[in-house]
Amino acid sequence: MPVLRQWMKNFGAISMILGLLLAVTYLPPDNSLKEATAGGALRACVPPSYPPLVTGEADQPGIDIEILKELANRLHISLALNRNDAIGRDFNPRNWGLNRAQCQIIAGGVVDSDQTRSFLETAPAYGKTGWALISPQSVSELKGLNIGVLTLVSGLDRIGLATYLRNAGAKVEIVRTPEDLLAGIRTRKFDAGITEALLATKLASDAQWQAAWMPAELKRHGLVFGLWKGELTLKRAIDQAMKDMMMDGTIAKIMARYAGAPLN
């Protein structure tokens, strides 16, 4: 009798698994790549301006825009941009008000974090970001310094940064634009500035200042493109194209046109 009960238990488990597998066959097929190809365009949601990822300038549109153009080209379709003011204004991508009808890919400050992955799939990381400090001279400690902080990339930990600066004894003022940050440092309103690493290297390079990563306790993340969950065929095609672009040096060339010397 115990043998029979165990057999029936195993049979029930196997039947449940087979039933689930059978149910999967009735799910609608993933036509995301086919739909993008048929539509003739890769629809991307981006912020109006998110330098150096999105600049809004025709001659140098930004790192993400140039990568997206090359990505669409490799998929043999065009690129259609849908600019959305909400991207990056909130820490949580769920609050950006995006949907599949607006875009198939999301760019302009998406970082590879647990929070992002709870909402989106992500393409392979093409760069690294985090908080970085810029200043005319080397900074050994932050205690007592006036620091301008520009928090454009939403996925970076703003709360962690604020806690770190408070514990370090720095005096902090939030600024709205890269121009405000530069002006504050040039007029000595700020002793130094903190912003996203790619932007920091660009600003420091242009001004002939120094740029350095903030301490490792402030997490660093990969820069990625966001994709909708379940659109596997489109994701696989994009993943492969991104890997090819990294292997043949295309992404490195694009990055070099916008950023200063990479941070060590």
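**Exercise 1. Contacts of T195**

Task: In this predicted model, find which residues T195 touches, not counting residues up to four places away in sequence.

Solution: 
- Start with the contacts. T195 touches G130, W131, A132, L150, L181 and A200, once residues up to four places away in sequence are set aside.
- T195 lies in strand β9, residues 192-196.
- The T195 side chain reaches the backbone oxygen of L150 at 2.9 Å. The cut-off for such a pair is 3.5 Å.

**Exercise 2. Burial of T195**

Task: Decide whether T195 is buried or exposed.

Solution: 
- Take the relative accessible area of T195: 1%.
- Apply the cut-off: buried means under 20%.
- Conclude. T195 has 1% relative accessible area, so T195 is buried.

**Exercise 3. Backbone exceptions**

Task: Locate the cis peptide bond that involves P52, then characterise phi at H76 and at Q208.

Solution: 
- Recall the background. Most residues other than glycine have a negative phi, and most peptide bonds are trans.
- Check omega. The bond from P51 to P52 is cis, with omega near 0 degrees. P52 sits in the loop between β1 (41-46) and α3 (63-74).
- Check phi at H76. The angle is positive, about 65 degrees, and H76 is not a glycine. H76 belongs to the loop between α3 and β2 (78-83).
- Check phi at Q208. Here too the residue is not a glycine, and phi is positive at about 60 degrees. Q208 belongs to the loop between α7 (197-207) and β10 (210-213).

**Exercise 4. Nonpolar cores**

Task: Find how many residues the largest nonpolar core has, and which residues have the most contacts inside it.

Solution: 
- Count the members. The largest nonpolar core has 66 residues.
- Find the main contributor. Helix α7 supplies the largest share of this core, seven residues.
- Look for another core. A second, separate one has 11 residues, among them I87, W96, V110 and L120.
- Leaving aside neighbours within four places in sequence, Y126 is in contact with residues including L53, I63, I67, F225, M242 and M255. D64 is also one of the contacts of Y126.

Note on methods: Residues are numbered from 1 along each chain as its sequence is written. This is a predicted model: local features need pLDDT of at least 70, side-chain atom pairs count only at pLDDT 80 or more; totals for chains, interfaces and linings use all residues. Side-chain values use heavy atoms; hydrogens and water are left out. Helices (H or I, at least four residues) and strands (E, at least two) are DSSP runs, numbered from the N terminus. Buried means under 20% relative accessible area, exposed over 50%, partly exposed in between (1.4 Å probe, protein chains only). A polar contact is a pair of N or O atoms within 3.5 Å; within protein, one must be able to donate a hydrogen and the other to accept it, and residues adjacent in sequence count only if both atoms are side-chain atoms. Contact means heavy atoms within 4.5 Å. A nonpolar core is a set of buried Ala, Val, Leu, Ile, Met, Phe, Trp, Tyr and Cys residues joined through side-chain atoms within 4.5 Å.
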